[in-house]
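Open the model in your viewer and keep the selection tool handy. We'll go stop by stop, with what to pick next and what you'll find there.

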Amino acid sequence: KYEKLLTGKSALLERFSNQRDRHSFFLFIGFGLNDSHIMNSDMKSKLMVKGCPAVILTKCINHNIKEYMESCENLWTVYSADNGSGTNIYNCKYDNILRLECNYWEADKFCKKFLGG
């Protein structure tokens, strides 16, 4: 990721911007929402203002993820349960966190169960 960014930074970011603008649903896998060149005002607007649906699939949540979790009604966060076994699924529109036995926060298990492959 870093080498590609160094060698073709502007082309890569332009390609990302074009794709971001074309789409209205996002799936973030293992991404902590820490990269300011990706989580810029355009992406924040899509998630927070326009309410584009999104899923964050991650082992651990951090401060940035928590901020989005509380601010985006159409954001679903799928992450490891506190004990490391099982999955928590959170959306700010609901009072409770859904807890599941399987580690669906792992990309292969999530894809197999929810995306059919």
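Buried means under 20% relative accessible area, exposed over 50%, and partly exposed in between, with a 1.4 Å probe and protein chains only. You're looking at a predicted model, where local features need pLDDT of at least 70 and side-chain atom pairs count only at pLDDT 80 or more, while totals for chains, interfaces and linings use all residues. Residues are numbered from 1 along each chain as its sequence is written, and side-chain values use heavy atoms, with hydrogens and water left out.

**Stop 1: the core**

Select F26, F28, L33, M39, L47 and Y68: in the largest nonpolar core, which has 18 residues, these touch the most other members. Now colour by element; helices (H or I, at least four residues) and strands (E, at least two) are DSSP runs, numbered from the N terminus. Two or more core residues come from each of β1 (26-29), α2 (41-49), β2 (54-58), α3 (63-71) and β3 (75-80). The top contributor is α3, with 3 residues. Apart from this core there is another one of 6 residues, including V55, L57, V78 and I89.

Next, centre on F28. Leaving aside neighbours within four places in sequence, F28 is in contact (heavy atoms within 4.5 Å) with L33, M39, M43, L47, A54, V55, I56 and L57. Both F26 and F28 are buried.

Stay here for the rings. Rings of Phe, Tyr and Trp (its six-membered ring) pair if their centres lie within 6.5 Å; planes under 30 degrees apart count as stacked, over 60 as edge-to-face and the rest as tilted. There are 5 aromatic pairs in the structure. One of them, F26 with F28, is stacked, at 6.3 Å centre to centre and 20 degrees between the planes.

**Stop 2: helix α2**

Which residues of α2 are buried? Select M43, K46 and L47. They sit on the same side of α2 because they cover an arc of only 85 degrees around the axis (the arc of the directions from the helix axis to the C-beta atoms). After α2 comes G51, with a positive phi near 70 degrees.

**Stop 3: the sheet**

Show the strands: 5 of them form an open sheet in the order β1-β2-β3-β4-β5, with mixed pairing. Two strands pair if DSSP finds at least two bridges between them. β1 and β5 are at the edges with a single partner strand each, so one side of each has no neighbour in the sheet.

Zoom in on β2 and β3, which run parallel and are joined by 5 bridges. Pick V55 and you'll find its bridge partner in β3, W76.

Moving along, β3 and β4 run antiparallel with 4 bridges, and V78 stands opposite I89 in β4. These two strands form a hairpin with 6 residues between them, and G84 in the turn has a positive phi of about 85 degrees.

Finish on β4 (residues 87-90). T87 and I89 point one way, N88 and Y90 the other, and all are buried. Antiparallel to β4 runs β5 (residues 98-100), joined to β4 by 3 bridges; look for L100 in β5, opposite T87.

Conventions:
Core = buried A, V, L, I, M, F, W, Y, C linked by side-chain atoms within 4.5 Å.
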